[in-house]
Amino acid sequence: MIIAPFDPALRERYLQHLGFRVPPGPPSPDALRVLHHAQLNHVPYENLEIQLGRPTSIDPHESVRRIVTGRGGYCYHLNGAFAGLLVSLGYDVALVRGAAPSAGDGSAWGNHLVLLVWFPGETWLADVGMGDGFRDPVPLVDGVLDQPPFRYHLEHLDGPRWRFHHDERASFAGFDLDVTPVSLTAFAPVHERLSTSADSPFVQKLVVQLRRADHALTLRGCVLTCVDATGRSSRDVRKEDEWFGLLYDEFRLRLDDVPRDTLAALWDRVSASHDAWDRAGRP
């Protein structure tokens, strides 16, 4: 077993945070879809701990304890925690490596974590850690996937290699996937680099995302972007109270444990980065 099941108390706290008092039935694709939706509805994608200078581990128990206080994380935290929950509910789960935007020379392998979930005669992909990615888990089958407002394409390359093509309006082009199961420790070196390196996009820019039933919302620095059935729209958020209001009200993040001066410094850094981007000329 790649991830150990959570103890009953932690499992119940997690389920309650997702809006369940009891497990939603036996393992099945339909029950997996319900859990997938609940995770996306209640747990945002975000890199605030890195921006606050408090890099985390990718231990699933630590991730869950943070999630139930009203926080989120990125793929290692979100899919790692979700894998632990699924295992605790009796699902057959494996962790596999992604490479975003593509494998290229191989250095990107492991910069994304994806889940395989096995049912009799079927293999499914679950991914609650892609920001504006899947809304529904999907069978591992070559073809086009419509999950409004996005259209995806899952392509089998060769052997264990697959490619996920994202919608052109999304925040990234997609990723390559190697469906060979690995342990969580395989992701630790890349997590360390993404959490601390000056050239890491997570160190350089704050990002918070939500994938809802009919739209995706992204706050990157001071730019709020929405993709829905009408298209893609963006606007700047340059007032501090409005910016924090989005974190608290729209993205449902809780920062009760962060001192006010630390939050003020966060806003100053994000705002200054936006100003520098403006002076350099936006792409």
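User: Leu-206, buried or exposed?
Analyst: Leu-206 has 1% relative accessibility and therefore counts as buried (under 20% relative accessible area is buried, over 50% exposed and in between partly exposed, with a 1.4 Å probe and protein chains only). This is a predicted model, in which local features need pLDDT of at least 70, side-chain atom pairs count only at pLDDT 80 or more, and totals for chains, interfaces and linings use all residues. Residues are numbered from 1 along each chain as its sequence is written, and side-chain values use heavy atoms, with hydrogens and water left out.

User: Where is Leu-206 found?
Analyst: Leu-206 lies in the loop between helix 7 (201-204) and strand 10 (207-211), where helices (H or I, at least four residues) and strands (E, at least two) are DSSP runs numbered from the N terminus.

User: And what does Leu-206 touch?
Analyst: Leaving aside residues up to four places away in sequence, the residues that Leu-206 touches include Asn-47, Leu-48, Gln-51, Leu-219, Trp-243 and Val-270, contact being heavy atoms within 4.5 Å.

User: What follows helix 8?
Analyst: Arg-252 follows helix 8, and the phi of Arg-252 is positive, near 60°.

User: Switching to cysteines, how many disulfides does a search find?
Analyst: Searching the whole structure gives zero disulfides, a disulfide being a pair of cysteine sulfur atoms within 2.5 Å. For Cys-222, which is in no disulfide, the nearest cysteine sulfur is that of Cys-226, 18 Å away.

User: Are those cysteines buried or exposed?
Analyst: Cys-222 counts as buried at 0% relative accessibility, and Cys-226 is also buried, with a relative accessible area of 18%.

User: How far apart are Leu-206 and Cys-226?
Analyst: Leu-206 and Cys-226 are separated by 20 residues in sequence and, C-alpha to C-alpha, by 16 Å in space.

User: Last topic: how do helix 1 and helix 4 cross?
Analyst: The axes of helix 1 (residues 8-17) and helix 4 (residues 60-67) come within 10 Å and cross at roughly 45°. Axes are lines fitted to C-alpha atoms, for helices over the stretch in contact, with angles from 0 to 180 degrees between N-to-C directions. The two helices are therefore oblique to each other (under 35 degrees is roughly parallel, over 145 roughly antiparallel, 65 to 115 roughly perpendicular and the rest oblique).

User: Which residues meet there?
Analyst: Leu-10, Tyr-14 and His-17 in helix 1 meet His-61, Val-64, Arg-65 and Ile-67 in helix 4.
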